[in-house]
Amino acid sequence: MTEATKHLLLVEDEAPLREAIGEQLADRGYLVVQADSGEAALACLSEFAFDVIVTDLRLPGIDGSAVVDAAVERYPEIVAVVVTGYGTVKDAVEAIKRGAWDFVNKPFQIDELLHVLDSALEQRRLKSENAYLRAQLDARHRFEGLIGKSRPMARLFQLLETVAPTSSTILISGETGTGKEVVARAIHHNSPRRMHRFVALNCSAIPETLLEAELFGHVRGAFTGAVGNRQGRLEQAHKGTLFLDEVGTMSGALQMKLLRVLQEREFERIGDSHTTKVDVRVISATNSDLGRLVADGQFREDLFYRLNVIPVQLPPLRDRKEDIPLLVQHFLEKYQAAAQDTGAGRSGTAAKPAPITVSQEAMRRLMSYRWPGNVRQLENAIERGVAFSSGRAQIDIADLPSELVQIEAPAMTSSVSLPEDGIDLDALVTSIERELIQRSLERTSGNKGQAARLLNLKRTTLVEKLKRFEKLPSSP
Ligand SMILES: Nc1ncnc2c1ncn2[C@@H]1O[C@H](COP(=O)(O)OP(=O)(O)OP(=O)(O)O)[C@@H](O)[C@H]1O
Ligand SMILES: [Mg+2]
């Protein structure tokens, strides 16, 4: 498959018609994925950056115009063509207003559709200065600078809205770059404590001996070099929020002292006989599994429970790739604005350059990469892409970091390859089963009955399988 091969999503509920068109498009070199309903189309769009979508306008359930809306909102670069029945020109015009490129009337000859597609793709290529609707970063998909519309993020925003106004102690866990600090700040800014300080202390960045003094402060002469009285971070955060980052790296002695603060809300500065009272909300963060550190005896269990009153888990980016187009759009705007501030735009008279976009080929790479550094790494990739694209209106594969260029071009097909030295079939089948069950539960907000229906299983079978998975070691 070459990079120029176009990925096309075909949405049509009449099976014979869909299959006939699908076959003819495939003969002309398109890589076609077929969807038999609006719902199925939305599911495909959330997983994959298609170049083209051809959709019937009349569909039972979610109709074609909603599918077009979803496609162009998410992927400003997609070419959407609608198929209208019985010459309802009004509907077609409406679809085009909403961002569809063109339409064909039913019944049509395949050549007619091919012609529309060819010319749309050609114009699209020539017109990369973005005649398309911009992906809209609307308020529903944000929480204080946090962006995401995937189910895990929507759930996170809900949780944050509930807990932010309280003073509950919160433990945020998640891999590096998933936004733990952004979440901590967002909680503070949505709490009644926002008028007071948000004080951050990274427990792994400071040597053990200094960490205690940083946290509690000291009085004059408490230790060599303690020249004056000094407030610690705890006191600085009085009435505000103390953010303890990488809390899992704290020594046993310090864990003990922190526990007392959480229980009694009081402490002594180092070298002080007088006790200081504080009113702080503690939010801590960790990228290691603190529960496991407790099991291994490296972290105090009592402290763990005190810190983990409300657990907030940040999902890795690879588990919510439907957020990637939205984040990409956000970072494009951010870095293009930054480039204009420092560049020619400063005079205020220069015309604003057209917004930069990302080609669908590049978007596919961005969506299939594993992102070990999560959102931070994605942000860096886009910043770099904006810099490399100098003058061009579109970021392409060549502008992406080499780790993304090297991965195999992703395709939305379910082919499985058999490596030279074979595979462990049972393990592979189990992992596929597990992933599909996981996804169906996510899509149905954990409703096992609905999830079982999606998989065409009995509910009891699904429950049995879940039990069996619990006994297996968790997959990486
Ligand atoms: N949901 C999000 N929406 C927008 N930007 C995000 C989001 N999550 C993270 N970021 C951005 O990613 C970067 C990393 O976020 P942050 O520093 O909070 O990560 P972290 O989880 O604390 O990572 P580490 O464990 O390495 O300290 C920041 O620049 C932040 O703005
Ligand atoms: Mg951090």
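A pocket here is an open set of grid points, found over the protein atoms alone, with protein on both sides within 12 Å along at least five of seven lines. A molecule sits in a pocket if more than half of its atoms lie within 2 Å of the grid points of that pocket. In this model, which is predicted, the second largest pocket is the space that ligand 1 takes.

**The site of ligand 1**

- The elements that each contribute two or more residues to the shell around ligand 1 are strand β7 (146-147) and the helices α7 (180-189), α13 (324-342) and α15 (374-388).
- The shell around ligand 1 consists of 18 residues, and the closest of them are I147, T176, G177, K180 and R376.
- Sorted by class, this shell holds seven nonpolar, six polar and five charged residues.

**Polar atoms facing ligand 1**

- K180 places a polar side-chain atom 2.7 Å from an oxygen atom of ligand 1.
- E181 approaches ligand 1 through its backbone, with an N or O atom at 3.0 Å from an oxygen atom of the ligand.
- N287 has a polar side-chain atom that lies 3.4 Å from an oxygen atom of ligand 1.
- On its own, ligand 1 has 640 Å² of accessible area, and the protein covers 84% of it.

**Backbone features**

- The peptide bond that joins K106 and P107 is cis, with omega at about -5°.
- P107 belongs to the loop that runs between β5 (102-105) and α5 (110-126).
- W371 is not a glycine, yet its phi is positive, at about 50°.
- The position of W371 is in the loop between α14 (360-368) and α15.
- W371 counts as buried because its relative accessibility is 1%, and buried means under 20%.
- N374 is another residue other than glycine with a positive phi, in this case near 55°.
- Helix α15 is the element that contains N374, and α15 is also one of the elements that give two or more residues to the shell around ligand 1.
- N374 has a relative accessible area of 0%, so it is buried.

**Buried residues elsewhere**

- F50 is located in the loop between α2 (38-47) and β3 (52-56).
- With a relative accessibility of 0%, F50 counts as buried.
- F50 and Q360 are separated by 310 residues in sequence, while their C-alpha atoms are 7.0 Å apart in space.
- A164 lies in the loop that connects α6 (151-163) and β8 (170-173).
- The relative accessible area of A164 is 1%, so this residue is buried.
- From A164 to N190 there are 26 residues along the sequence and 5.7 Å in space, C-alpha to C-alpha.
- E266 is part of strand β13 (residues 266-268).
- E266 counts as buried because its relative accessibility, 18%, falls under the 20% limit.
- The side chain of E266 is in polar contact with the side chain of R260, at 3.3 Å.

**Exposed and partly exposed residues**

- K277 sits in strand β14 (residues 275-277).
- K277 counts as exposed because its relative accessibility is 58%, where exposed means over 50%.
- K277 and E235 are 42 residues apart along the chain, and their C-alpha atoms are 8.6 Å apart.
- Q450 is a residue of helix α18 (residues 448-454).
- The relative accessibility of Q450 is 38%, and therefore Q450 counts as partly exposed.
- In sequence Q450 and S440 are 10 residues apart, and in space the distance is 8.3 Å, C-alpha to C-alpha.

How values were computed: Residues numbered from 1 in each chain as written. Chains lettered and ligands numbered in written order. Predicted model: local features only at pLDDT ≥ 70, side-chain atom pairs only at ≥ 80, totals over all residues. Heavy atoms only, no water. Near = heavy atom within 4 Å. Polar contact = N/O pair within 3.5 Å; in protein donor to acceptor, adjacent residues only side chain to side chain. Areas by Shrake-Rupley, 256 points an atom, 1.4 Å probe, with all protein chains shown as cover. 1 Å grid on protein atoms, 1.4 Å probe; cavity = no way out; pocket = protein on both sides within 12 Å on 5 of 7 lines; lining within 4 Å. Helix = DSSP H or I, 4+ residues; strand = E, 2+ residues; numbered from the N terminus. Nonpolar A, V, L, I, M, F, W, Y, C, P; charged D, E, K, R; others polar. Buried < 20%, exposed > 50% of the residue type's maximum accessible area, 1.4 Å probe, protein only.
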